[in-house]
Amino acid sequence: MSDQIFQTADNSDNDRVSARPRERIVTTAREMFHQHGVRGVGIEAITEAAGTNKMTLYRHFASKDDLIVECLQRAAKESYLKWEELEHQHPGDPKAQLHAWIQNAAGCISDDWRGCEMANTAVELADDNHPAKRVIEEVKKNHRNYLAKLCARAGLDQPELAADMLGLLLEGARISRQSEGQEGPSARFKRMAEEVIATVGGLGDKA
């Protein structure tokens, strides 16, 4: 799933106004980073949109980099809950959970043209030692491992390979959605993902 099958809906303006300053800052920063990139948004723009000031922001975050890390950690926590939701929606049925993962991923690709906030941030950060890079790497590895375990529970013959192929397919589809639009190859993500689990996973004769 960035993961954002892992994307979150924007909060309303009223919710933002009523939230505490730290929450307003993080919520606003996430929205602006997602729309314009972490390098395309400055502290002044964030504080103005959040209805606060730089002094308040720096009271909560030592730097913009710390704010970026907090935004990604918030996204990570939300994304992990999606795995729990799959289990709750389809208890004891890993095959149904896997197909639901594909359905959710397809919907996310279609609905969010900006793509995965984790992947987008990683591309923007040239410094491999940036603290946000460590967050992104950990989250991506965890989601890949969750997907591999789900593929194994669903009975796929090659769960590790299937998880890698599905993960790369999702990452590529989200990029394609940005570059080629909603009617490009990303529109066929679900069909391609189902083909992966039917062939590499060996479920073609097991459904």
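**Helix packing in a predicted model**

In α7, the residues Met118, Ala119, Thr121 and Ala122 meet Lys133, Ile136, Val139 and Lys140 of α8. Sorted by class, this contact of α7 with α8 comprises 5 nonpolar, 1 polar and 2 charged residues. The model in which these contacts are found is a predicted one.

The geometry of this pair comes next. Helix α7 covers residues 117–124 and helix α8 covers residues 131–153; the two pack at an angle of about 140 degrees, and their axes are 10 Å apart. Angles over 145 degrees would count as roughly antiparallel, and α7 and α8 are therefore oblique to each other. The crossing in which α7 passes α8 is left-handed.

A second pair is formed by α6 and α9. Helix α6 spans residues 94–111, and its axis comes within 9 Å of the axis of α9, the two crossing at roughly 15 degrees. The cut-off for roughly parallel is an angle under 35 degrees, so α6 and α9 are roughly parallel to each other. Their crossing is right-handed. On the α6 side the contact is made by Leu98, Trp101, Ala105, Cys108, Ile109 and Ser110, and on the α9 side by Leu166, Leu170, Ala173, Arg174 and Arg177. By class, α6 and α9 bring together 8 nonpolar, 1 polar and 2 charged residues in this contact.

Helix α9 runs over residues 159–180, and Glu171 lies in it.

How many helices and strands does the chain have? There are 10 helices and 0 strands, and read along the sequence the pattern is α-α-α-α-α-α-α-α-α-α. The chain has 207 residues, and buried residues make up 47% of them. Its accessible surface comes to about 10,800 Å², with 50% of that belonging to carbon and sulfur atoms.

Taken together, the two pairs described above are α7 with α8, which are oblique to each other, and α6 with α9, which are roughly parallel to each other. The crossing is left-handed for α7 and α8 and right-handed for α6 and α9.

Note on methods:
Residues are numbered from 1 along each chain as its sequence is written. This is a predicted model: local features need pLDDT of at least 70, side-chain atom pairs count only at pLDDT 80 or more; totals for chains, interfaces and linings use all residues. Side-chain values use heavy atoms; hydrogens and water are left out. Helices (H or I, at least four residues) and strands (E, at least two) are DSSP runs, numbered from the N terminus. Buried means under 20% relative accessible area, exposed over 50%, partly exposed in between (1.4 Å probe, protein chains only). Accessible areas come from the Shrake-Rupley method with a 1.4 Å probe; for residues, only the protein chains shown count as cover. Axes are lines fitted to C-alpha atoms, for helices over the stretch in contact, and angles run from 0 to 180 degrees between N-to-C directions. Angles under 35 degrees count as roughly parallel, over 145 as roughly antiparallel, 65 to 115 as roughly perpendicular and the rest as oblique. A crossing is left-handed if the near helix is turned anticlockwise from the far one by less than a right angle, and right-handed if clockwise. Contact means heavy atoms within 4.5 Å. Ala, Val, Leu, Ile, Met, Phe, Trp, Tyr, Cys and Pro count as nonpolar, Asp, Glu, Lys and Arg as charged, and the others, Gly among them, as polar.
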